[in-house]
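Subject: Structure handover

Dear colleague,

I am passing on the structure below so that you can look through it yourself.

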Amino acid sequence: MLAFYLSLAQDENDRDKFEQIYIKYRRLMLSAAYKILGDAELSEDAVHNAFMRILNNLGKLGEVDSPRTRSYVVIVAENVAKTMYMQRRRTVSLEDEQLCGSVDDVADEYEDKSSAEYVAAVIARMPEKYGAVLILKYLNGLVDREIASSLGLSDAAVRKRLQRAREMLKTLLDVDDVEGF
Amino acid sequence: MEKILDRSTLVSALEIYANNRLSDVGEDFEPSQRFEKKMERLIKSQSSLYYKVTLTRARRIMVIAAAISILIASLMSVSAVRETILGFFVSRESEAYSVTRAESDAKAPDTIETAFSLEEFPEGYKLSETVSDDEMYSLTLADGEKEITVSQFTKASFASAADADFSKPESVRNGDTDYIVRTLDETVHLVFERGGYVFEVIGELPVEDMLALASKVSVAG
């Protein structure tokens, strides 16, 4: 019954890759979805939908056993789960534009404000949705359309989210620009 | 002097951030049999597509066998079981696609005891593939460019292939059957219940033609 989706898997390598991703990450994805939904059956539905989305972008994923692929599949599963959660609870958003904690505290912890560790700590203070799009864009190398299909958003919403994420990051880091932004 | 964050620092920072945010996600969730079967089916179907491309002789044998099965099933079928118990409904309170089991499901078969038959195919379409297991039976029809998939599920195993985030469900009554219709771009998804099973039809035909095709699905009983 899934011929339409499976036809997206272009060749044998893609199909092997999909199976490997399933075997390796299904429990992780289910755990991530369960953390949000708190319901086993709903979590399985969310991860099933997440695998459908992963099929769409299989060609853009690198090595199966890599931190980037691991991060990607969890972001997709979390996003589907969050959408389901919001739809069921009728809430507008789980996340808002608020920072998750004080950036001043982070600044006190790190002497070298140009280190990757400091930048990572600052990103962790940003709303998760911004961190997620930055990962998909700059770690996974997805274009806006691919991010949109991974997260179930419109292209315009992705562009807006990326723009806000970049602006927030520049403000928090007190830099004028980020190379390649 | 302009302060610039270099790209390599950003990438390294995102790697650290990505690893940290996953550190508290366990892997202790044990998938249910239903989930594993659904995903096995997906993987099996993938193999089947490859099989289709590479082993044409085997494919011909498979298609001929499936065609004979359908012919026999069609000849033996009595009038279709039309009573539709709305054992599932789309939750309109949320936009999420949820299938709720009704009390009548207690009597629903938990395996595919009788595979469905199609009285006729849409013009130009021929049988191209079958996939089956204990809880699912699926036919794919193709006209050379497009495909239509008709799948029969036990109620317990059903999970729609429609992406709930990209399409909204509509309830449509046609004849004496209630259908849940989703349209995404050119693709139409129909879900309905017949003979104690849940059916899903996916194809790129107009909704009216898809409903006409769905009306030709029968379960001998």
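**The two chains**

From the N terminus on, the elements of chain A run α-α-α-α-α-α-α-α-α-β, which comes to nine helices and one strand; helices (H or I, at least four residues) and strands (E, at least two) are DSSP runs, numbered from the N terminus. Please keep in mind that this is a predicted model, in which local features need pLDDT of at least 70 and side-chain atom pairs count only at pLDDT 80 or more, while totals for chains, interfaces and linings use all residues. Residues are numbered from 1 along each chain as its sequence is written, chains are lettered from A and ligands numbered from 1 in the order in which they are written, and side-chain values use heavy atoms, with hydrogens and water left out.

Of the 181 residues in chain A, 55% are buried, where buried means under 20% relative accessible area, exposed over 50%, and partly exposed in between (1.4 Å probe, protein chains only). The accessible surface of chain A is about 7,900 Å², and carbon and sulfur atoms hold 43% of that surface; such areas come from the Shrake-Rupley method with a 1.4 Å probe, and for residues only the protein chains shown count as cover. Among the contacts in chain A with a separation of 6 or more, 66% are between residues 24 or more positions apart, a contact being heavy atoms within 4.5 Å.

Chain B has four helices and ten strands, and along its sequence they follow the pattern β-α-α-α-β-β-β-β-β-β-β-β-α-β. In chain B, 48% of the 221 residues are buried, and the accessible surface is about 11,100 Å², of which 52% belongs to carbon and sulfur atoms. Residues 24 or more positions apart make up 53% of the contacts in chain B with a separation of 6 or more.

Two packed helices are described by the angle between their axes and the distance between the axes.

**Around H9(A)**

The axes of H7(A) and H9(A) come within 9 Å and cross at roughly 105°, and that makes H7(A) roughly perpendicular to H9(A). The residues of this contact divide into eight nonpolar, no polar and five charged.

Helix H6 of chain A (residues 116-125) also has an axis that comes within 10 Å of that of H9(A), with a crossing of roughly 125°, which makes H6(A) oblique to H9(A). Tyr118(A), Val119(A), Val122(A) and Ile123(A) of H6(A) make the contact with Leu169(A), Leu172(A) and Leu173(A) of H9(A), and these residues divide into seven nonpolar, no polar and no charged.

Ala156(A) lies in H9(A), which spans residues 155-173, and is partly exposed, with a relative accessible area of 45%.

**The end of chain A**

Asp174(A), in the loop between H9 and E1 of chain A, has a positive phi of about 55° although it is not a glycine. Most residues other than glycine have a negative phi.

Phe181(A) is found in the segment after strand E1 (177-178) of chain A and is partly exposed, with a relative accessible area of 26%. Not counting residues up to four places away in sequence, Phe181(A) touches Leu134(A), Tyr138(A), Arg166(A), Leu169(A) and Leu10(B). Phe181(A) and Tyr138(A) are 43 residues apart in sequence and 9.2 Å apart in space, C-alpha to C-alpha.

Definitions and conventions: Axes fitted to C-alpha atoms, helices over the stretch in contact; angles between N-to-C directions. Parallel < 35°, antiparallel > 145°, perpendicular 65-115°, else oblique. Nonpolar A, V, L, I, M, F, W, Y, C, P; charged D, E, K, R; others polar.
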